[in-house]
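User: Walk me through the salt bridges in this one, please. I'd like the partners, the distances and how open each spot is.

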Amino acid sequence: MTHPRRIVITGVSRGLGRAMAEEFAQHGHMVMGCSRVADRARCLGAPHRLDTVDVAEDAQVQAWSHTLVAEYGPPDLLINNAGVINRNAPLWEVPVAEFDQVIDVNIKGTANVIRHFLPAMLARGAGVIVNFSSGWGRSTSPEVAPYCASKWAIEGLTQALAQELPKGLAVIALNPGIIDTEMLRSCFGEEAAGYWTANQWSKKAVPYLLNLGVKDNGRALSVPWHR
């Protein structure tokens, strides 16, 4: 392993976020994560730090980032993983509050995290940002239109940001693939059990994430699927 890295991950309470946090920690890296649910944000012990933060609330993200940067320095790897999906329904039947939550967490939450962590990374002149996209950020399916819209937005946001970054930094849109999580089960039902678990996925994904660098700036990538 190379030197331990400072890794910030949003949405660590369950699913991919939790699996990544645990795998990074096992590899000896410092994990700083957040969850909007207080009793789910404590999935790792010392020396790692996990806080209760709603990424859709800009003031909370600002306070969190200032605390982490002051105590630990800018992240080497910033992973925007927090996300929600609408319940399966035609677009016109999705309640406005549910649509808003998808946009607020998936798009605004990502922007909030970048807004408050990136300045310290710019000042240091190094770092990688990974914005979690989806297969539905590059294709579409019925009954998940709000989620598709949010992930297509992440693809565009990432490519535009990549053009703004100076040398030494990178931002990547990453499709994690199809993994058996609560989110997938809300869409696929029992069929979700036919896919990798989050823990199986993290064994492949974490080394892949650690390999990303400035050479990948602006790329739309996917975690390799071969077992």
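Analyst: Glu22 comes out as partly exposed, at 25% relative accessibility (buried is under 20% relative accessible area, exposed over 50%, partly exposed in between, with a 1.4 Å probe and protein chains only). Keep in mind that this is a predicted model, where local features need pLDDT of at least 70 and side-chain atom pairs count only at pLDDT 80 or more, while totals for chains, interfaces and linings use all residues. Residues are numbered from 1 along each chain as its sequence is written, and side-chain values use heavy atoms, leaving out hydrogens and water.

Glu22's partner is Arg18, with N to O at 3.3 Å in a salt bridge (a side-chain nitrogen of Lys or Arg within 4 Å of a carboxyl oxygen of Asp or Glu). Arg18 is partly exposed too, at 34%. Helices here are DSSP runs of H or I, at least four residues, and strands are E runs of at least two, numbered from the N terminus.

Asp104 is partly exposed at 26%, and Lys108 is partly exposed at 46%.

Asp76 and Arg6 meet in a salt bridge at 3.9 Å, N to O. Asp76 lies in the loop between α2 (58-72) and β4, Arg6 in strand β1 (residues 6-10), and 70 residues separate them. Arg6 is partly exposed at 25%. Arg124 joins Arg6 and Asp76 in a salt-bridge network. The structure's total is 12 salt bridges.
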